[in-house]
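Please keep the viewer open as you read.

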Amino acid sequence: MDNAISSLRILPAEAALRSTGDGAGAASSSAAGSGFDTDTEAQPEFSDVLHGALDAMQNLQGAAQAKVAGVLDGTGTDVHSALIAVEKADLSFQLMMQVRNKIVSAYQEISRMQF
């Protein structure tokens, strides 16, 4: 049996372009056309993105609380949908905690830099 997979290699994007003969010029032009615009007017502010993510997380938590209250009140809310809403809220909270941890570690690293 021929093992064709062993001959395949996974290369980083620039190395793959160099191996096909396009060179570094194609790598820089593809990076320029890949959506990494330096225009700050089109890009939202970092704080706006964080506020939006926090609002979305709070909305998920509010929906989960409402569904759990519906299950406890017996107003016809399905237990499965309540559990799914609680898990979504929990995952979004865990994600925000990891984002916060990354921001804090980046701040600490920058504060340790010598200028």
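What percentage of the 115 residues in the chain do buried residues make up? The share is 8%, where buried means under 20% relative accessible area, exposed over 50% and partly exposed in between, with a 1.4 Å probe and protein chains only.

A word on the ground rules: this is a predicted model, in which local features need pLDDT of at least 70 and side-chain atom pairs count only at pLDDT 80 or more, while totals for chains, interfaces and linings use all residues. Residues are numbered from 1 along each chain as its sequence is written, and side-chain values use heavy atoms, with hydrogens and water left out.

**The overall picture**

The chain has 4 helices and 0 strands, giving the pattern α-α-α-α along the sequence. Helices (H or I, at least four residues) and strands (E, at least two) are DSSP runs, numbered from the N terminus. Of the contacts with a separation of 6 or more, 39% join residues 24 or more positions apart; contact means heavy atoms within 4.5 Å.

| Helix | Length | First to last C-alpha | Expected span |
|---|---|---|---|
| H3 | 28 residues | 41 Å | 40 Å |
| H4 | 33 residues | 48 Å | 48 Å |

H3 covers residues 46-73 and H4 residues 79-111; their axes come within 8 Å and cross at roughly 155°. Axes here are lines fitted to C-alpha atoms, for helices over the stretch in contact, and angles run from 0 to 180 degrees between N-to-C directions.

Which residues make the contact? Among them are Phe46, Leu50, Met57, Leu60, Gln61 and Ala64 of H3, and Ala85, Lys88, Ala89, Ser92, Phe93 and Met96 of H4. The contact residues divide into 18 nonpolar, 3 polar and 2 charged. In this count, Ala, Val, Leu, Ile, Met, Phe, Trp, Tyr, Cys and Pro are nonpolar, Asp, Glu, Lys and Arg are charged, and the others, Gly among them, are polar.

The buried residues of H4 are Ala82, Ala85, Ala89, Ser92 and Met96, and they pack against H3. On the other helix, Met57, Ala64 and Gly70 are the buried residues of H3, and their cover includes H4. Just after H3, Gly74 takes a positive phi of about 80°.

Start with Ser92 in H4. Is Ser92 buried or exposed? Ser92 counts as buried because its relative accessibility is 13%. Leaving out residues up to four places away in sequence, Ser92 touches Met57 and Leu60.

Leu60 lies in H3 and, at 32% relative accessibility, counts as partly exposed. Beyond its neighbours within four places in sequence, Leu60 is in contact with Lys88, Ala89 and Ser92. Leu60 and Lys88 sit 28 residues apart in sequence, with 7.0 Å between their C-alpha atoms.

Gln61, also found in H3, has 29% relative accessibility and so counts as partly exposed. With residues up to four places away not counted, Gln61 touches Ala89 and Phe93. From Gln61 to Glu87, the C-alpha to C-alpha distance is 9.6 Å, across 26 residues in sequence.

Conventions
Expected span 1.5 Å × (residues − 1).
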